[in-house]
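Please look over the structure below, and then read on for a report on its cavities, its packing and one of its strands.

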Amino acid sequence: MMRLLTFLFILCCSALSNAQEISTTKPWTYWWWMGSAVNKADIFAQLKYFQEAGVGGVHIIPIYGVKGYESQAVPFLTPQWMDLMQYTVREGRRLGLGVDMTTGTGWPFGGPNVTPDLGAKTMTVKNNQIDVQPTKQKVKRAAPGGEGLVLDPFHPTAMAQYLSRFDTALNGQKDLPRAMYNDSYEAYGANWTDDFLLEFKKRRGYDLNNHLSQLIDSTGDATSQLVRIDYHQTLAELLRERYAQPWTAWSTKHGFLTRYQAHGSPGNLLDLYDAASIPETESFGTSRFDIPGLRIDPDYSIDQFGTPNSLAMKFASSAAHFSGKKLVSSETGTWLANHFKVSLSQIKPQIDELFTAGINHIFYHGSTYSPEKEAYPGWLFYASTNFGKHSHFAEHFSLLNKYVERCQELLQNSKPDNDVLVYFPIHDLWATPAKSSGNVHLLEVHHVDRWLLDLPFGKLTQQLWKQGFAFDYVSDLQLKRLQLNKNGDLTSGNAFYKSLVIPASTYMPEETLRELKRLAAAGAKIIFENNLPLKVTGYASDNVRQNGFVNALADLGKQKNVRISNNVKKELATMDAFPETISESGLTFIRKKTANGKTLYFICNLSNSFSEGWVKLGRKGHFEKMNPLSSTDEQWSGLSEKGSEIYLTLQPGQSCFLRETDSGSPNQPQTLAAKQFELKGNWKLTFLKGRPNVPKPAEFTALKSWTSLPDSAVYFSGTARYQLRFDCPEELLTSRVKTLDLGDVREVAVVKLNGKFIGTAWSIPFQLNIADKLKAKDNVLEIEVTNLSANYMRLRDTQKPDWKKFEDINIVDITYKKFDASKWEPMPSGLLGPVMILFH
């Protein structure tokens with residue numbers, strides 16, 4: 001008996017030792033299961049790849065299938081599918097990987113148990129009559145077993161009916177995902193539900209049937225604006241009460257967290273994001289950063305997709321900050337560039353932009369499950385950056401992941417330190433005619449120019465962002481949760497603010513005005529930009545309520561802690577809300593507080609207007625600079641009367657943390673190297689590994705793309721080694737600082753100097769510290785460069801385009817046209833230089 005107990009004890013301890021802690025500080029990835037034609041052996045192999053690459057978790061999204069694999073498809077939520085999902089959770093846990101799951105397949109929510117009466121509906125006004133029709137939209141990119149109608153997001157029971165099949169599937173299951181996921185809205189044309197007229201009258205106090213002409217009027221008539229506001233307000237309330245909250249409550253009941261992409265919907269994004277455990281934004285396309293050497297895919301269409309925007313991202317992070325949620329995530333890298341053309345150096349600035357917007361839980365978009373036996377390039381998703389095993393940067397993927405992990409470790413374990421709270425006057429948007437599907441305003445993250453940037457709110461927040469103010473947004477509903485603390489600061493119970501700013505606006509609800517009066521009476525500092533609102537929202541009893549609204553506004557405007565000003569920056573300064581002047585240098589930042597109350601800055605240089613210089617911080621203290629690329633620390637400090645002044649070296653493309661320390665003394669500023677020694681001579685090039693074959697060696701006296709070489713180099717995708725022998729001048733040998741600058745690298749460079757590993761350069765600027773590894777004579781520099789896979793795919797699409805075998809949309813290019821790499825021009829590859837040693 002004792003031997004049996006001992007054996008069981010050892011077995012239990014072994015199991016516990018094999019179960020590793022799941023990390024949220026590491027980046028996670030979307031993981032598309034094409035047709036759910038998956039098996040346990042390949043699931044494990046790919047989970048192992050993610051673990052070894054430094055990924056923290058996966059998000060399972062079943063989507064459309066692969067031609068020829070129909071017999072292997074596993075229908076969604078069947079016992080076999082649930083077994084595969086549970087296996088993934090168990091093995092992921094053992095490997096230290098978390099698992100999330102979409103509450104459905106494809107997007108948006110819908111499927112086989114959504115009957116026509118529960119399907120999405122669209123309303124139009126014809127001959128002053130309401131005409132309601134089903135949208136007939138089906139789940140986009142659905143997986144086997146997930147096909148069906150998109151559910152009506154405003155229906156009183158549609159969500160409960162939809163979730164009932166998950167109740168059945170989950171019953172008795174033990175190994176479940178961490179979180180459920182709800183993709184961006186995309187219920188095209190949905191703007192109605194069966195009891196909308198009843199709910200409208202109950203909530204708004206009048207019959208919409210009597211005001212249909214005003215609902216569709218686009219002349220700017222005041223009555224029409226009020227009716228439109230009431231219509232949108234009702235849609236927003238129903239969406240939150242009948243869609244977001246029931247899904248969140250159901251998930252919580254089953255022990256799941258929720259990740260919610262509220263954008264694209266007609267609701268108030270702040271309230272919808274607020275309903276989730278983890279609000280999630282989206283970074284789609286390429287931002288236009290002025291970083292020398294940073295490439296933008298010329299085929300990407302701004303007119304078609306817009307560009308990522310920090311102000312849109314801040315809706316998700318503001319909701320998280322206000323409610324005290326530790327994590328706020330982002331779909332990251334969607335259509336960053338065309339297939340086979342994305343480099344690690346393009347990904348880092350996009351992630352830095354997300355970090356400064358308050359995001360701290362990166363989800364790559366993404367990775368596709370692909371059988372281990374599947375030939376290159378494997379299975380691919382149509383709209384993503386490939387972060388999977390067949391990616392051309394797979395060998396160096398861990399370097400990006402380590403960078404993200406270092407950053408997220410600090411960002412997740414600190415709290416926001418924002419001075420300003422900006423009210424989002426959504427009713428002014430709702431008052432205007434909508435041009436989008438269903439004649440409703442869809443608050444998307446793509447074309448923010450269509451709804452956000454031209455609003456007074458958008459113009460003000462753009463100014464505050466450029467001026468260096470740290471701020472969050474707040475909704476009408478969230479205002480009810482604000483109080484004043486003993487220091488006179490506004491607090492949500494989780495975050496603290498010096499002042500509340502009301503952008504120039506026309507409309508405001510009575511309830512919101514009451515909350516502002518309550519806060520002002522308690523001593524809150526409130527700034528109205530330019531003017532007080534002019535009109536109360538709501539058509540019912542408008543004249544009576546308007547008189548009371550005007551009188552209450554007048555009383556509010558008389559309070560000494562309430563200001564009306566056309567110079568918000570000046571007024572904020574009187575309320576101890578000061579901008580960070582580092583923004584004037586073109587730097588982007590987020591400021592936070594650590595658990596012990598110390599100030600933490602994450603700063604990135606996404607411009608070309610700063611490289612080094614003295615900068616003043618808005619918080620006093622001694623600070624150390626940490627480079628998250630290498631996790632090295634440098635202590636710098638210098639105090640000025642109103643804050644801390646430090647000498648900052650941060651070249652375009654670089655990022656750093658500034659961490660407050662208990663003590664320190666000013667150090668001699670470490671400036672950028674002022675001198676340079678260009679490495680010239682006979683560069684020997686040896687191709688090491690790659691596709692379609694290994695070209696012959698070559699020699700250069702001047703560095704250039706290896707695609708200019710004869711043989712098959714123009715189609716080569718892989719790794720080649722450059723070697724150069726050189727002597728050093730005495731001035732260089734005795735210098736204090738020595739930095740190897742590789743110039744233009746296409747795309748990743750692994751460097752050895754005199755047989756010793758120096759490092760891997762994968763982000764802009766492509767520089768490495770070479771310290772004291774130089775000698776006077778016969779230095780040997782070896783640089784192994786790995787390029788993109790685009791050039792090989794040019795050849796592959798002329799010879800064997802058989803890899804394009806996916807159902808539904810199959811594979812398309814970045815403009816959603818049929819993918820054909822054979823027409824591409826060769827992508828520059830290799831070490832383009834110039835290669836220099838920078839020194840003092």
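By class, eight nonpolar, nine polar and one charged residues line the largest cavity, where Ala, Val, Leu, Ile, Met, Phe, Trp, Tyr, Cys and Pro count as nonpolar, Asp, Glu, Lys and Arg as charged, and the others, Gly among them, as polar. The model is a predicted one, in which local features need pLDDT of at least 70 and side-chain atom pairs count only at pLDDT 80 or more, while totals for chains, interfaces and linings use all residues. Residues are numbered from 1 along each chain as its sequence is written, and side-chain values use heavy atoms, with hydrogens and water left out.

A cavity is a set of points, on a 1 Å grid over the protein atoms alone, where a 1.4 Å probe fits but cannot get out, and its lining residues have an atom within 4 Å of a point. Grid points are joined across faces, edges and corners, and a volume is the space filled by probe spheres set on the points. The structure holds five cavities of 30 Å³ or more, and the table describes two of them.

| Cavity | Volume | Lining by class |
|---|---|---|
| Largest | about 160 Å³ | eight nonpolar, nine polar, one charged |

The lining of the second largest cavity includes His392, Phe393, His396 and Glu747.

Turning to the packing, the largest nonpolar core has 218 residues, with Trp683 and Leu742 having the most contacts inside it; such a core is a set of buried Ala, Val, Leu, Ile, Met, Phe, Trp, Tyr and Cys residues joined through side-chain atoms within 4.5 Å. Buried means under 20% relative accessible area, exposed over 50%, and partly exposed in between (1.4 Å probe, protein chains only). Helix H7 (residues 222–253) gives the most to this core, with twelve residues; helices (H or I, at least four residues) and strands (E, at least two) are DSSP runs, numbered from the N terminus.

In strand E2 (residues 57–63), seven of the seven residues are buried, with Gly57, His59, Ile61 and Ile63 on one side and Val58, Ile60 and Pro62 on the other. Strand E1 (residues 28–34) pairs with E2 in the parallel sense over seven bridges, pairing being assigned if DSSP finds at least two bridges between two strands. Tryptophan 31 has isoleucine 60 as its bridge partner in E2.

Definitions and conventions
1 Å grid on protein atoms, 1.4 Å probe; cavity = no way out; pocket = protein on both sides within 12 Å on 5 of 7 lines; lining within 4 Å.
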